[in-house]
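Biologist: Before we discuss individual residues, could we look at the model together and settle the terms as we go?

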Amino acid sequence: MSLIDSHCHLQSFVQKKSLDGVLSRARSAGVNRFITVGTNLDDWKSYLSLAHSNRDIFYSVGLHPCYVGRNWSKDVEKIPEYWDESTQPVAFGEIGLDYFHLPKDKNKAAEIVNQQKKCFSNQLEFASSLCCPIIIHSRNSFEDCVSLIDQSDLDWQRVVFHCFSEGKPQIQKLGDRGGRASFTGNITFAGNEPILDAIRYQGIEKLMLETDSPYLCPEPNRKSKNEPFRLREILIFLNSYFDEKLHTLEELIKVNTEEFFKLSG
């Protein structure tokens, strides 16, 4: 058994001093490697330290759209420093757009969207100079995210839309450009057949799974705090949608993740 949680957020476990137990439960479930994804200045340093001290933990750095404020450029200016460290990030992100958390006031919402777009475009410009995968956050903003990536010099083959929550037409757009999506516990939620259609369309040759923990715990534990060990639950749920034995599907997902993120086997 060997799974890679391709997108998790370990900072809350670090802060609560519960990370050792979280990793132990994950390894008991066959989840042996973890990509902990950066969102803001506070967790970047923590993840660098984790990667230094744990050979099975990898990390990314990027400014998440929900952390984009009027002074976002000061944070973004610090990002290149992490590519000078001995333990470099395996990916850039998560970056993108989030229109779900906008305020009701239209003027305030428009200002936030404008700042997010500027920050996203700025980070895409830096991303184009890197030789690593780019993790995209897109919530209620798919078309704008695709448009801004199209306008950049970024190679779509390095792009993954994490926690994909759209349907077949949207994943077709990613596939036509060379991009891909990864999937979380939300595939187990009721009414999410469009996401399953998207998974089937993309196929197992690009399939990657993630927990996005501590968020999006799969059913029937949706109201619980998510952990990386539940990646196996997502895999088992998904197994019934592909004509492959469980261990074969597990191996394919592991190899896909290793190759995309350039992890050693």
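Modeller: Let me begin with accessibility: a residue is called buried under 20% relative accessible area, exposed over 50% and partly exposed in between, with a 1.4 Å probe and protein chains only. This is a predicted model, in which local features need pLDDT of at least 70 and side-chain atom pairs count only at pLDDT 80 or more, while totals for chains, interfaces and linings use all residues. Residues are numbered from 1 along each chain as its sequence is written, and side-chain values use heavy atoms, with hydrogens and water left out.

Biologist: Is Asn-140 buried or exposed, and what is its relative accessible area?

Modeller: Asn-140 sits in the loop between S5 and helix H6 (142-151), where helices (H or I, at least four residues) and strands (E, at least two) are DSSP runs numbered from the N terminus. Leaving aside neighbours within four places in sequence, Asn-140 is in contact (heavy atoms within 4.5 Å) with Tyr-99 and Phe-100. Asn-140 is exposed, and its relative accessible area is 53%.

Biologist: How far apart in space are the C-alpha atoms of Asn-140 and Asp-212?

Modeller: Asp-212 belongs to the loop between H8 and H9 and, at 8% relative accessibility, counts as buried, whereas Asn-140 is exposed. The two are 72 residues apart in sequence, and their C-alpha to C-alpha distance is 17 Å.

Biologist: Which elements give two or more residues to the lining of the largest pocket?

Modeller: By class, this lining divides into 10 nonpolar, 14 polar and seven charged residues, where Ala, Val, Leu, Ile, Met, Phe, Trp, Tyr, Cys and Pro count as nonpolar, Asp, Glu, Lys and Arg as charged, and the others, Gly among them, as polar. The elements that give two or more residues to the lining of the largest pocket are helix H1 (11-15), helix H3 (41-53), strand S4 (91-98) and strand S5 (134-139).

Biologist: Which residues line the largest cavity?

Modeller: Searching the whole structure finds one cavity of 30 Å³ or more, and the largest cavity has a volume of about 30 Å³. Its lining comprises four nonpolar, four polar and one charged residues. They are Ser-6, His-7, Ile-135, Val-160, His-162, Ser-182, Met-208, Glu-210 and Phe-261.

Biologist: Why do the buried residues of H2 lie on the same side, and what arc do they cover?

Modeller: The residues of H2 that count as buried are Leu-19, Val-22, Leu-23 and Ala-26. They fall on the same side of H2 because the directions from the helix axis to the C-beta atoms cover an arc of only 95°.

Biologist: Against which elements do the buried residues of H9 pack?

Modeller: In helix H9 (residues 231-239), the buried residues are Leu-231, Arg-232, Ile-234, Leu-235, Leu-238 and Asn-239. They are on the same side of H9, since their arc around the axis is only 155°. The elements they pack against are strand S1 (3-8), strand S2 (31-36), helix H8 (193-202) and helix H10 (246-261).

Biologist: Which backbone oxygen does the side chain of Asn-256 reach, and at what distance?

Modeller: Asn-256 is part of helix H10 and, with 9% relative accessibility, counts as buried. A polar contact is a pair of N or O atoms within 3.5 Å; within protein, one must be able to donate a hydrogen and the other to accept it, and residues adjacent in sequence count only if both atoms are side-chain atoms. The side chain of Asn-256 reaches the backbone oxygen of Ile-204 at 2.7 Å.

Conventions:
1 Å grid on protein atoms, 1.4 Å probe; cavity = no way out; pocket = protein on both sides within 12 Å on 5 of 7 lines; lining within 4 Å. Points joined across faces, edges and corners; volume = space filled by probe spheres on them.
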